[in-house]
Amino acid sequence: MSPLKSIYHWLDVRIGVGELVEKRLTGYLLPRSINAWYSLGSVLLVIFALQVITGILLLVYYVPDAEKAFKSVSAIMNDVPFGWLIRLCHAVGSNMMVAVLLLHMLSVLFMGSYKRPRELNWLTGFILFNLVLAISLTGYLLPWSQLSFWATTVATNSAGAIPVIGNYLVEFLRGGKLVGAPTLGRFFAVHVALLPLLIGAFIGGHLFLLERIGVSTPPFGQKESKNTWMGDQFRYESHPGGIPFFPNYMLQDMTSILIYLAIFFCVIFYIPDIFLPPTAFVPADPYKTPAHIKPEWYFLANYQTLKVFPNELLGLLVQGAVMTFLALLPFIDKGRERHPFKRPLFLACFVGGILLYVAMAVWGHYS
């Protein structure tokens, strides 16, 4: 018996690995018309794992002190063996995690997979999206560079537009009147302790709901038998006659993960400056405001929206209304039809929303 089979047999006798593989992997059926977009969830799991691993490695050398933070990051980039690679993997990975998560949510929207009975799937995914934005924002300050310092100043200033509590909220976020050492301490604690735990918990809840309810059948492609939903009675979408997750769809998952990794390392080795401009390599100077400071690309549309409206509070209210509408979309769009081309109003809003978001982001970049 080979060593791998011996290990498998040893585990099977003690914890029933064979039953787990048979029932949870080979016995977990997916619709035959499933497509590659469904594999983005697995890609996101790999990205999150890489972020956790590289983040832990960076913590070995990073010093969360306003006087030493930038020097410690410089030492990681220049003195620690392969430190530059770990730091770039973490910095580029955070940006690409937001990009892949956006694609994942857009695919769910396009295929109507947010509809009943998957309202909780959508809500947990939507909360995860906002938590990822939050962990990206808090991590942005930690290098204590000119870019991160002033981008955080601009971002926290926005909270001041909220009536009554705005100024108190800004002071709470910063730990004082201005961005300084207390801000770095607060953002560091939230970034490395609170948000990873919350993201891990919501990922677990999201996967539990996915396993409990079943994978949604794509609204187009090969037709197959559909489960019925009678009133409020629960039905698991079992996909009789479907394909097993292992090994059939796992091959698609692995293909998507390898394609992502290929793009990821191409960015790291050839064009990392698209995420790390020159001001990211200059130490923070509270007394020298750089020209044309802007937030990260995923906040550019929000940044430009605040500039479009004459009143910053109005801009925040519009953004809050849009986010609330998206969060409650499964409870608003209750129709059974999921095919995007049979829902012209939805398709027009979907395409128009993407074009508006891209236009506002480009405008924010060049304004």
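Visitor: Quick one to start. Is Glu171 buried, exposed or partly exposed?
Guide: Glu171 is partly exposed, at 33% relative accessible area. Buried means under 20%, exposed over 50%, and partly exposed lies in between (1.4 Å probe, protein chains only).

Visitor: What kind of model is this?
Guide: It is a predicted model, where local features need pLDDT of at least 70, side-chain atom pairs count only at pLDDT 80 or more, and totals for chains, interfaces and linings use all residues. Residues are numbered from 1 along each chain as its sequence is written, and side-chain values use heavy atoms, with hydrogens and water left out.

Visitor: Back to Glu171. Which side chain does it meet in a salt bridge?
Guide: Lys177, at 3.4 Å, N to O. A salt bridge here is a side-chain nitrogen of Lys or Arg within 4 Å of a carboxyl oxygen of Asp or Glu. Lys177 is exposed, at 65% relative accessibility.

Visitor: How many salt bridges in the whole structure?
Guide: The search finds 3. One of them pairs Asp333 with Lys115, at 3.4 Å. Asp333 sits in the loop between α13 (329–332) and α14 (344–366), and Lys115 in the loop between α5 (83–110) and α6 (119–141), so the pair ties together parts 218 residues apart in sequence. Helices are DSSP runs (H or I, at least four residues), numbered from the N terminus.

Visitor: And Lys115, buried or exposed?
Guide: Buried, at 5% relative accessibility.

Visitor: New topic. How do α7 and α8 cross?
Guide: The axes of α7 (residues 146–157) and α8 (residues 166–174) come within 9 Å and cross at roughly 150°. Axes are lines fitted to C-alpha atoms, for helices over the stretch in contact, with angles from 0 to 180 degrees between N-to-C directions. That makes the two helices roughly antiparallel, a label for angles over 145 degrees.

Visitor: Which residues make that contact?
Guide: Thr153, Thr156 and Asn157 of α7, with Val170, Leu173 and Arg174 of α8. Contact means heavy atoms within 4.5 Å.

Visitor: What about the largest nonpolar core?
Guide: It has 62 residues, and Tyr62, Trp144 and Ile199 touch the most other members. Such a core is a set of buried Ala, Val, Leu, Ile, Met, Phe, Trp, Tyr and Cys residues joined through side-chain atoms within 4.5 Å.

Visitor: Which helix gives the most to it?
Guide: α5, with 13 residues.

Definitions and conventions:
Angles under 35 degrees count as roughly parallel, over 145 as roughly antiparallel, 65 to 115 as roughly perpendicular and the rest as oblique.
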